[in-house]
Amino acid sequence: MKLFSYFRSSAAYRVRIALGLKGITYHYETVHLVRNGGEQHSQEYEKLNPLKLVPTLVDGEHVLTQSMAIIEYLDEKYNSKHSLLPSDLKLRSYVRSLSQMISCDIHPINNLRVLNYLKSKLIVDEEERNAWYAHWIKLGFDAFEEQLAKTAGKFCVGDQPTMADCCLVPQVYNALRFKVSLDDYPKIREIYQNCMQLDAFQQAIPENQPDAA
């Protein structure tokens, strides 16, 4: 199994966490999103992922893109003691809802290609780009914190990390990187701290990836 990844990609970060929680061994293939104008634009990589994004998972002859689809694929194909989606229908819907709050509503408008477009095409300066970034995180985290009051235990849904935690941790990492205050989100902070006590989350952090140097 190969994971085409970039150390700072939030979407790839989610998948790295999921692979760790599932105990799946994989080979890390670097796709540097900045170096040489972005290695994701190469013809070779475009054949794997026409959107020229990461992550891409190659499992044998099967090539899969989109982090959420990859995580659900891993959970369904590879049985282990750790399930990323609960068997209970109601809890599973909570996990998907929380996951999509981040993967569909917060992350897409703050990812690298959007920030690059704001900078190069719309000539938005760094201060304004950071304000843009903080605005969408805060708007999303306001709702996420409110939802956690209904679903959370030690983790986003109950007392076992799920796909929702795979999504939350990279978004918190980005918030901290862009110096967005988390003072108004005590449950998010608590869950983040609980997650970071687990090896799967520690091993997946950007600084621990081979292309972080």
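Glu-39 and Arg-35 form a salt bridge, with the closest N and O atoms 3.4 Å apart. Both partners are partly exposed: Glu-39 has 25% relative accessibility, and Arg-35 has 38%. The model is a predicted one. Side chains of opposite charge can pair when their charged atoms come close. A search of the whole structure finds six such salt bridges.

Another of them joins Lys-2 to Glu-29, at 3.9 Å from N to O. Lys-2 sits in strand β1 (residues 2-5) and Glu-29 in strand β2 (residues 27-30), so this pair ties together parts that are 27 residues apart in sequence. The distance falls inside the cut-off, because a salt bridge needs a nitrogen within 4 Å of a carboxyl oxygen. Lys-2 is partly exposed, at 38% relative accessible area. Glu-29 is partly exposed too, at 23%.

A further bridge links Glu-190 and Lys-187, at 3.3 Å from N to O. This one stays within a single element. The two residues are three apart in helix α8 (residues 186-195), which puts about one helical turn between them. An α-helix has 3.6 residues a turn, so residues three or four places apart point the same way. Glu-190 counts as partly exposed at 36% relative accessibility. Lys-187 counts as partly exposed as well, at 22%.

Asp-125, Glu-126, Glu-127 and Glu-128 form a negative surface patch. Patch members carry no salt bridge and have over 30% relative accessible area. Asp-125 has 40% relative accessibility, so it counts as partly exposed. Asp-125 lies in the loop between α5 (112-120) and α6 (126-151).

Of its 15 residues, 13 are buried, so α7 is largely enclosed by the rest of the structure. At 1.5 Å a residue, the 15 residues of α7 (residues 163-177) should span 21 Å. The end C-alpha atoms are 22 Å apart, which agrees. After the helix comes Lys-179, with a positive phi near 60 degrees.

Within α7, look at Asn-174. Its relative accessibility is 4%, so Asn-174 counts as buried. The cut-off for that label is under 20%.

Terms used. Residues numbered from 1 in each chain as written. Predicted model: local features only at pLDDT ≥ 70, side-chain atom pairs only at ≥ 80, totals over all residues. Heavy atoms only, no water. Patch = residues over 30% accessible without salt bridge, like charges linked within 9 Å, V, L, I, M, F, W, Y side chains within 5 Å. Areas by Shrake-Rupley, 256 points an atom, 1.4 Å probe, with all protein chains shown as cover. Salt bridge = Lys/Arg side-chain N within 4 Å of Asp/Glu carboxyl O. Lys, Arg positive; Asp, Glu negative; His and termini not counted. Charge placed at Lys NZ, Arg CZ, Asp CG, Glu CD. Helix = DSSP H or I, 4+ residues; strand = E, 2+ residues; numbered from the N terminus. Buried < 20%, exposed > 50% of the residue type's maximum accessible area, 1.4 Å probe, protein only. Expected span 1.5 Å × (residues − 1).
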